[in-house]
Amino acid sequence: MEDSITAARVANAILQDHSFSGHYVLVEGKKDVKLYRRFINEETARIRITSGKKQLKEAFDILSRNNYQNKIAIRDADFLRINNNPKFDPGYCEPIFATDSHDSEVMIVQNGTLDDYFLLISDSDKVLEFEKIQGKPILDLIFSLLYQLGCLRLANKRFQMGLAFKPKKIGGNKLKIEKFISEKTWQFLGDKQMVHIVCEYSKNRDREEEIPNEDFILQRLNEIVGEAHPANEIINGHDVAEVLLMISKAGLKSNSKLLQDSSCVEDLLTACFDLLKFSKTGLHASIEKWQISNNVKVFREI
């Protein structure tokens with residue numbers, strides 16, 4: 001159903017809704033509705049899914065061309081703020097707001113949700129013992145384990161290598177991160193192993209061009225790693241959820257029935273991210289500044 005949504009349909013539905021005089025908040029997908037809907041003032045704002053970042057921008061532009069002013073949009077930053085990105089404009093003035101980190105999941109884990117998450121699926125003693133053995137907080141461990149994968153994702157995007165990191169269809173086989181991140185030692189098993197696993201996962205995707213050889217991919221990966229991008233701008237939130245699930249089960253030995261898969265982890269993190277935590281983000285600060293300037297209230301007050 002979501003795949004059938006077009007930017008024109010979203011924009012036209014908003015333009016034809018004469019019964020509502022408030023603001024529309026455009027978001028990319030269903031996960032964003034779960035996250036942001038709890039924070040908006042439902043008397044003055046409504047959320048609309050656009051089914052992707054590209055369509056979000058297209059729908060926003062259609063509304064602008066029709067002189068429709070009562071709109072804002074929230075998008076995942078993805079690689080927007082990486083060093084020397086020619087598409088990044090720090091002075092951008094349209095009310096399209098990007099998440100603090102790479103995406104909403106990374107923003108969430110960086111703003112105090114992990115403690116609440118661990119209270120739901122484990123206990124503090126097990127968490128402290130695990131962190132003591134690893135010599136670092138769990139979030140730092142996750143970021144260190146996933147940094148190379150984040151860089152590979154960026155290399156794939158920049159050099160158009162055709163690698164795949166998610167199933168062809170919903171419910172399909174996921175990339176097996178545990179094949180290059182050890183659940184016994186909690187060590188990254190190396191670039192070569194990671195690239196090989198991702199290449200194998202990317203085969204038979206009905207594409208016209210073959211993916212490059214692994215040596216070429218490793219060279220491009222090393223270029224990205226050498227640029228030393230901030231971890232929170234590189235690492236993907238879905239990967240964070242996968243590794244957090246691994247740590248929860250294999251590291252903390254949790255048998256919580258809440259941990260069915262990584263989607264459940266994402267839902268738990270979202271549930272732990274309340275309005276107070278959201279108010280401490282840069283995203284909220286940017287939206288609040290815009291609200292004051294335009295004398296409107298889209299989000300609820302704390």
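Helix α7 is mostly covered, with 17 of its 22 residues buried; buried here means under 20% relative accessible area, exposed means over 50%, and partly exposed falls in between (1.4 Å probe, protein chains only). Helices (H or I, at least four residues) and strands (E, at least two) are DSSP runs, numbered from the N terminus. The model is a predicted one, in which local features need pLDDT of at least 70 and side-chain atom pairs count only at pLDDT 80 or more, while totals for chains, interfaces and linings use all residues. Residues are numbered from 1 along each chain as its sequence is written, and side-chain values use heavy atoms, leaving out hydrogens and water.

Staying with α7, this helix takes in residues 138-159, and its end C-alpha atoms sit 32 Å apart, which agrees with the 32 Å that 22 residues should span at 1.5 Å a residue. That expected span is 1.5 Å times one less than the number of residues. There is a bend along the way, of about 45° at L146, taken as the angle between axes fitted to the seven residues ending there and the seven starting there. Just after the helix comes Q160, with a positive phi of about 50°.

Next up is helix α12, residues 262-272, whose buried residues are S262, V265, E266, L268, L269, T270 and C272. The cover over them includes α2, α4 (104-109), α5 (114-121), α11 (237-251) and α13 (275-278). Within α12, V265 counts as buried because its relative accessibility is 0%. Setting aside neighbours within four places in sequence, V265 is in contact with Y117, A241, L244, L245 and L259, where contact means heavy atoms within 4.5 Å. One of these, A241, is 24 residues away from V265 along the chain, yet their C-alpha atoms are separated by 6.0 Å.

Strands β1 and β2 (residues 45-49) run parallel and are joined by 5 bridges; two strands pair if DSSP finds at least two bridges between them. Among these pairings, L26 has R48 of β2 as its bridge partner. To get from β1 to β2 the chain passes through helix α2 (residues 30-36), and this β-α-β crossover is right-handed. In other words, with the strands pointing away from the viewer, the path from the first strand over the helix to the second runs clockwise.

Beyond neighbours within four places in sequence, D17 is in contact with Y24 and R46.

Two loop residues have a positive phi without being glycine. D78, in the loop between β3 (71-75) and β4 (96-98), has a phi of about 55° and counts as partly exposed at 23% relative accessibility. A228 sits in the loop between α9 (214-226) and α10 (231-234); its phi is near 55°, and at 56% relative accessibility it counts as exposed.
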